[in-house]
Amino acid sequence: MIAKTLYFGNPAYLSLKNEQMLIKLLEVEVENGDGEKLKTKAEVSRPVEDIGIVILDNPQVTITHGLMSALLKNNAAIIQCNSQHLPHGLMLNLDGHTLQALRFRYQIEATEPLKKQLWQQTVTAKIMNQCSLLKSLGKETKKLEFMIRNMKSGDTDNYEAQAAAYYWSQIFSSYIVDFKRDREGAEPNMLLNYGYSILRAAVARSLVGSGLLPTLGIFHRNQYNAYCLADDIMEPYRPFVDMAVWECVKRNDYEYLSPKIKESLFKVLEQDVHFEKSTSPLMVGLTRTTASLSDCFEGKKRKINYPQLYAT
């Protein structure tokens, strides 16, 4: 079963009852038989074990300690949004795997040559998915194909940055002139920021579930970043978000983060991703990826299991 993402953008009271998340919506507008709009209260419940991510995007959402504890025990991620409705806080389980201490040790003791090989695989997978997306949009991809063929251990030629510069110059070019990827830039940058934040939380959740420490990256090493490994592993998954944002741009609906756009970005976690011999929802695919990374640290495997954007 796919772990569900629950979004709360209106006032609500969230509590725990019989291992269920009890959701009390403080005000819901409904129509009666005469077409009149009335304000009422609604109450529903969801099994805690089915929940993967909870997004709190309203200052009037209250969540009890008991519910938070139950969510974290079941390895759910809790995301807090700021006044601009962008994720700015993440709460994760600290005890996500029975062999966590052992896996931490393997991760900490990983050699530099191993990390360089893993980063090579990561960047190659990212550029392959960027290439696939551009090709599906009818864009030229020879530059990216060259980088894929000539990628070196540790990406010593910095193909990731070169690929990104070309990729962003092309992806929205049919609809937006001279788009620049910048966190503080013009739209649809905010949509990309939002989608990546949700993806980052999902990756961090999967890393914890695989017994890994999200702070210790294989490439990202910013001392102020608590999720360096999540930032590494999410790279090949970014084009899945980009594709969803491209759809918004195509229909000229990208000026602000509407509820409809947020919903489409949440659904990225449910869309199918394609592995060599199987297809699965992205949330399940993340588990496969992080489990294979753990095996690489332990010496059981030599390759991270990343998905492809399209089936081959």
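Figure 1. A residue is buried under 20% relative accessible area, exposed over 50% and partly exposed in between (1.4 Å probe, protein chains only). The structure is a predicted model, in which local features need pLDDT of at least 70 and side-chain atom pairs count only at pLDDT 80 or more, while totals for chains, interfaces and linings use all residues. Residues are numbered from 1 along each chain as its sequence is written, and side-chain values use heavy atoms, with hydrogens and water left out. The search of the whole structure finds ten aromatic pairs (rings of Phe, Tyr and the six-membered ring of Trp, centres within 6.5 Å; planes under 30 degrees apart are stacked, over 60 edge-to-face, the rest tilted). In the pair formed by F146 and Y159, the ring centres are 6.5 Å apart and the planes meet at 70°, so the arrangement is edge-to-face. The two partners are 13 residues apart and link distant parts of the chain: F146 belongs to helix α4 (residues 142–149) and Y159 to helix α5 (residues 159–170). Helices (H or I, at least four residues) and strands (E, at least two) are DSSP runs numbered from the N terminus. F146 is partly exposed, with 41% relative accessible area, whereas Y159 is buried at 9%.

**Figure 2. An aromatic cluster that includes W168 and F172.** Ring pairs join Y167, W168, F172 and F179 into a cluster. For W168 and F172, the distance between ring centres is 6.3 Å and the angle between planes is 35°, so this pair is tilted. Both partners are buried: W168 has a relative accessible area of 12%, and F172 has 0%.

**Figure 3. Arginine charges over tyrosine rings.** R238 places its charged end over the ring of Y196, 4.5 Å from the ring centre; the criterion is NZ of Lys or CZ of Arg within 6 Å of the centre and within 35 degrees of the ring normal. R105 has its charged end over the ring of Y106, with 5.3 Å to the ring centre.

**Figure 4. The largest pocket.** This pocket holds about 600 Å³ of space. On a 1 Å grid over the protein atoms alone, a pocket is an open set of points where a 1.4 Å probe fits, with protein on both sides within 12 Å along at least five of seven lines, and lining residues have an atom within 4 Å of a point. Grid points are joined across faces, edges and corners, and the volume is that of probe spheres set on them. The lining of the largest pocket comprises 25 residues, and M128, K303, Y306, P307 and Q308 lie nearest the centre. Helix α3 (residues 112–136) gives the largest share of this lining, nine residues.

**Figure 5. The second largest pocket.** The volume here is about 490 Å³. Among the 22 lining residues, P87, R183, Y196, S197 and R200 are the closest to the centre of this pocket. At least two lining residues come from each of β8 (87–91) and α6 (189–209). The largest share, six residues, belongs to α6. Y196, one of the residues closest to the centre of this pocket, is also the residue whose ring lies under the charged end of R238.

Figure 6. Zero disulfides (pairs of cysteine sulfur atoms within 2.5 Å) are found in the whole structure. C81 is buried at 7% relative accessibility. For C228, which is in no disulfide, the nearest cysteine sulfur is that of C296, at 19 Å. C228 is buried as well, at 2% relative accessibility.

Figure 7. E187 and P188 are joined by a cis peptide bond with omega of about 15°, and P188 lies in the loop between α5 and α6. N18, a residue other than glycine, has a positive phi near 55°. The loop between β2 (12–17) and β3 (20–31) contains N18, which is exposed at 69% relative accessible area. D155 likewise has a positive phi, near 50°, and is not glycine. The position of D155 is in the loop between α4 and α5, where D155 is buried, at 7% relative accessibility.

**Figure 8. Y7 and S132.** Y7 lies in strand β1 (residues 4–8) and is partly exposed, with 29% relative accessibility. Between Y7 and S132 the sequence separation is 125 residues, and the C-alpha to C-alpha distance is 31 Å.
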